Amino acid sequence: MALYVLYEHAAGYGLFSVKEFEEIGMLLPQVEASILDLSRFNAIVKLVGFHPFKTAVAALNNVNAISEGLVPDDLSGFLDTTLPKSSKKKQVTLGVSDAKLGAAIAEALEVQCSHIGAVPEILRGIRFHFAGMVKGFTDQSAAVAQLGLGHSYSRCKVKFNVHRSDNMIIQSIALLDQLDKDVNTFSMRIREWYSYHFPELVKIVPDNYMFAKVAHFIKDRKSLTDDRLEELEELMMDSEKAKAVLDAGKMSMGMDISVVDLINIEMFAKRVIKLSDYRQQLANYLHSKMNSVAPNLQALIGDQVGARLISKAGSLTNLAKFPASTVQILGAEKALFRALKTKSNTPKYGLLFNSSFIGRANAKNKGRISRFLANKCTIASRIDCFAETPSTVFGEALKGQVEERLKFYEQGETPRKNLDVMKEAIQLASKQAETGGKKKKRKAEETNGNGEATLNGSAKKKKKKAAALDDTNGGDAEESMMQVDTSAVLDDSVNVTNGEKKKKKKNKNRQSAVEA
């Protein structure tokens with residue numbers, strides 16, 4: 001059995017033949033010892049062929065294809081021409097570094113591939129001595145090729161559509177969760193801190209955000225008088241609670257507090273209010289990003305649950321690749337592996353538990369509705385990932401299906417078939433696309449019409465200016481026309497008189513000739 005090893009470098013593809021493969025396979029420690037010595041390694045591994053990349057764009061395309069487990073045309077052509085065909089007497093095995101690439105090569109070229117055994121060690125030696133094994137290739141040129149291809153590959157991976165980037169969703173939902181924890185911690189701290197001075201306020205104002213605003217407004221409870229009741233009512237949006245706060249401030253059992261302590265409490269309350277306001281702005285930003293990136297998933301399960309699913313999967317594309325069973329338990333990995341280890345019941349739901357559908361279902365139907373909801377989430381994420389024009393039509397249709405399934409579990413009403421629902425959604429989506437195209441055409445026509453109108457207006461203005469110039473120079477023009485007409489008449493009369501004189505001379509000559 002002959003072993004050939006494929007090595008992918010930033011400069012091109014290299015195919016190496018390995019001698020005495022069976023001995024090497026049995027003596028792996030010897031292979032490891034001979035890797036660092038080039039002379040000993042050349043006795044085992046020799047270069048068969050090298051296919052350099054012609055341009056940097058070709059190198060980038062090949063690397064992208066290999067990273068996705070595909071066989072590019074350059075690689076398939078190189079292997080067809082360089083790799084010998086296997087026969088009954090001599091079987092050929094191709095060693096590769098990636099199992100996915102090996103499966104793709106085996107499927108495309110019908111070549112037996114291997115990525116285990118001595119192949120990783122041989123590839124390590126080829127990587128170490130590659131510059132010395134290829135003629136005209138140096139370590140410096142290899143480093144330049146690797147650096148350039150690395151930059152272009154990273155740039156290609158980072159570059160997404162700016163309007164549909166799911167990285168912003170991942171970062172914003174992580175920041176939102178962190179802000180929730182921080183705001184809750186700070187709110188508890190200010191409640192405890194300000195309760196030394198005004199302990200009755202905690203029971204009257206249970207909301208954390210409103211408590212921080214009221215504490216920042218009141219400051220010292222002794223300064224809270226009837227004159228400030230209207231402002232307190234505007235702040236709390238409740239006259240009864242504002243009156244209760246005023247009465248409690250007069251009868252409070254809290255301790256007196258110094259001015260310095262009040263200043264610190266006021267600053268901290270202001271910081272908590274700003275953090276809460278920023279948290280609300282971040283939630284609005286997340287809503288807008290989800291509406292542009294994953295509108296169907298947002299319409300189905302909401303902003304935060306959809307964003308958490310995308311964040312847990314890593315990207316919208318990864319979420320679209322997941323099966324429904326994985327989406328169902330996404331976020332409950334610890335419980336899943338604990339159940340598999342102890343051979344107990346596996347979890348029914350993960351992040352989907354935060355959805356309102358599972359909360360509304362009965363205890364015996366929670367597993368069923370979570371499975372059904374995971375199925376619909378998978379469909380919505382795939383539509384969002386691969387659709388050209390984003391819309392919420394399919395998400396609303398899938399949400400209606402989940403609602404119907406809930407009614408079926410609770411009341412026994414038979415839901416509509418999935419085929420009918422999808423047909424209606426496709427028709428609605430096509431109508432929306434047509435209306436959107438018509439609107440774009442109208443806008444284009446309006447812009448063109450405005451341009452033509454401006455051109456016509458400018459032509460009319462030029463004509464008006466010419467007419468005004470004619471009016472101002474009208475007398476001179478008439479005089480010039482009269483001069484032209486009189487000169488023409490005089491010329492005609494002169495021509496007539498000259499013609500008559502010539503005729504008289506001719507007649508006289510004829511009469512004299514006749515008499516002679």
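Start by selecting Gln-298, which counts as buried at 10% relative accessibility. The residue sits in helix α15, residues 295-301. Show what surrounds it: apart from neighbours within four places in sequence, Gln-298 is in contact with His-287, Met-290, Asn-291 and Asp-303. Keep in mind throughout that this is a predicted model.

Now zoom out to the whole chain. Its secondary structure comes to 24 helices and 5 strands. Of its 516 residues, 35% count as buried. The chain exposes about 32500 Å², and carbon and sulfur atoms supply 55% of that area. Among contacts between residues at least 6 apart in sequence, 66% join residues at least 24 apart.

Next, select helix α21 (residues 366-386) together with helix α22 (residues 393-411). How do these two helices pack? Their axes are 10 Å apart and meet at an angle of about 170°. Angles over 145 degrees count as roughly antiparallel, so α21 and α22 are roughly antiparallel to each other. To see the contact, show side chains on both helices. On α21 the contact is made by Arg-368, Ile-369, Phe-372, Leu-373, Lys-376, Ile-379, Ala-380 and Ile-383. On α22 it is made by Phe-394, Leu-398, Gln-401, Val-402, Arg-405, Leu-406 and Tyr-409.

Charged pairs come next. Side chains of opposite charge can pair when their charged atoms come close. A search of the whole structure finds 14 salt bridges. Select Asp-180 and Arg-279, which form one with their closest N and O atoms 2.7 Å apart. This pair links distant parts of the chain: Asp-180 is in helix α9 and Arg-279 in helix α14 (residues 259-293), 99 residues apart. Asp-180 counts as partly exposed, at 23% relative accessibility.

Stay on helix α9 and select Arg-189 and Glu-192. The closest N and O atoms of this salt bridge are 3.2 Å apart. Because the two residues are 3 apart in helix α9, about one helical turn separates them. Arg-189 is partly exposed at 45% relative accessibility, and Glu-192 is partly exposed at 43%.

Another pair to select is Glu-424 with Arg-416, where the closest N and O atoms of the salt bridge are 3.1 Å apart. Glu-424 counts as partly exposed at 41% relative accessibility, and Arg-416 counts as partly exposed at 41%. Then select Arg-221, Lys-222 and Asp-256, which are linked in a network of salt bridges.

For a nonpolar part of the surface, select Trp-193, Tyr-196 and Met-255. Together they make a nonpolar surface patch of about 330 Å². Tyr-196 is found in the loop between α9 (167-195) and α10 (201-204). Its relative accessible area is 48%, so Tyr-196 counts as partly exposed.

The last stops concern the backbone. Most residues other than glycine have a negative phi. Which phi does Glu-110 have? Although Glu-110 is not a glycine, its phi is positive, at about 60°. Glu-110 lies in the loop between α6 (99-109) and β5 (112-114), and it counts as exposed at 73% relative accessibility.

Finish at Lys-219, a non-glycine residue with a positive phi of about 60°. Lys-219 lies in the loop between α11 (208-218) and α12 (229-236). With a relative accessible area of 33%, Lys-219 is partly exposed.

Technical notes. Residues numbered from 1 in each chain as written. Predicted model: local features only at pLDDT ≥ 70, side-chain atom pairs only at ≥ 80, totals over all residues. Heavy atoms only, no water. Patch = residues over 30% accessible without salt bridge, like charges linked within 9 Å, V, L, I, M, F, W, Y side chains within 5 Å. Areas by Shrake-Rupley, 256 points an atom, 1.4 Å probe, with all protein chains shown as cover. Salt bridge = Lys/Arg side-chain N within 4 Å of Asp/Glu carboxyl O. Helix = DSSP H or I, 4+ residues; strand = E, 2+ residues; numbered from the N terminus. Buried < 20%, exposed > 50% of the residue type's maximum accessible area, 1.4 Å probe, protein only. Axes fitted to C-alpha atoms, helices over the stretch in contact; angles between N-to-C directions. Parallel < 35°, antiparallel > 145°, perpendicular 65-115°, else oblique. Contact = heavy atoms within 4.5 Å.
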